[in-house]
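Student: Hi! Could you walk me through this one?
Tutor: Happy to, let's have a look together.

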Amino acid sequence: MHFNLSDLKNLPNRFRANLINSSTGYRPSNLLGTKSDQGVTNLAVFNSISHIGSDPAMLGFVLRPLTVRRDTYDNIKATGFFTVNHVNASILEESHQTSAKYGDHESEFIKTGLTVEYLDGFHAPYVKESHIKLGCSYVNEYTIEENGCVLVIGAIEHLYVPEDALFDDGSINLESAQSIANIGLDGYALPKLLKRFAYARTTEKTAEK
């Protein structure tokens, strides 16, 4: 099927949202953990987290317009810290449930049964059941003028990876860690690693690792 610009504009809202959200392919599924300045923990599932840079180590994620209450954003702005926790197959239902609209004094950790974990004195809570976890500090934010969304940039200060999920060259074996990929707004998949290749050069055929 072909959808041109006019078609997209005239689609029913929910159909269009599902179509566009899934059109870019698989995305990482992560839980962002924060804690308010009053000590209330918060957890929310995100599929917009992206690599920004390796040196310095940074990542970014997109928030919808700040026209309604955004506990994740408010907590990050108040404290400067957040965690990124990979969703895995064993906590899939609980992770999706964090997208429900709980009250600002209710903790998604408690509501979903996921476990708060604090590591190495870091302010924000990690998800104990997650296999790969990152502790991040707020760096900057950029408003996307075209739709009012906000791109938040964070510095990676801590990274926890299972030893058996780390390749010799430093890459992480996301398959062995059972990290889940997101499809659109409500679909989840467990990807399979097919191949890894050596660095591609114009002077030689690309070889497998």
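Student: Which helices and strands each supply at least two residues of the lining of the largest pocket?
Tutor: In this predicted model, they are helix H2 (13–23), strand S3 (41–46), strand S5 (57–63) and helix H3 (71–79).

Student: And which one gives the most?
Tutor: That is S3, with five residues.

Student: What volume does that pocket have?
Tutor: The largest pocket comes to about 1,300 Å³. Its lining has 34 residues, and Val45, Phe46, Arg64, Arg70 and Ser99 lie nearest the centre.

Student: How does the lining divide by class?
Tutor: There are 14 nonpolar, eleven polar and nine charged residues in the lining of the largest pocket.

Student: OK, what about the second largest pocket, which residues are closest to its centre?
Tutor: Pro28, His86, Ile132, Ile172 and Leu174, out of 31 lining residues. The volume of this second largest pocket is about 780 Å³.

Student: Which strand gives the most there?
Tutor: S4 does, with four residues. S1, S5, strand S6 (81–86) and strand S10 (150–160) also supply at least two each. By class, the lining of the second largest pocket has 17 nonpolar, ten polar and four charged residues.

Student: Switching topic: what order do the strands have in the open sheet of three?
Tutor: The order is S1-S11-S12, and the pairing is antiparallel. Strand S1 (27–28) and strand S12 (187–189) are the edges, each pairing on one side only.

Student: How many bridges join S11 to S12?
Tutor: Three, with S11 covering residues 181–183. Ile183, for instance, has Gly187 in S12 as its bridge partner.

Conventions. Residues numbered from 1 in each chain as written. Predicted model: local features only at pLDDT ≥ 70, side-chain atom pairs only at ≥ 80, totals over all residues. Heavy atoms only, no water. Pairing = 2+ DSSP bridges. 1 Å grid on protein atoms, 1.4 Å probe; cavity = no way out; pocket = protein on both sides within 12 Å on 5 of 7 lines; lining within 4 Å. Points joined across faces, edges and corners; volume = space filled by probe spheres on them. Nonpolar A, V, L, I, M, F, W, Y, C, P; charged D, E, K, R; others polar.
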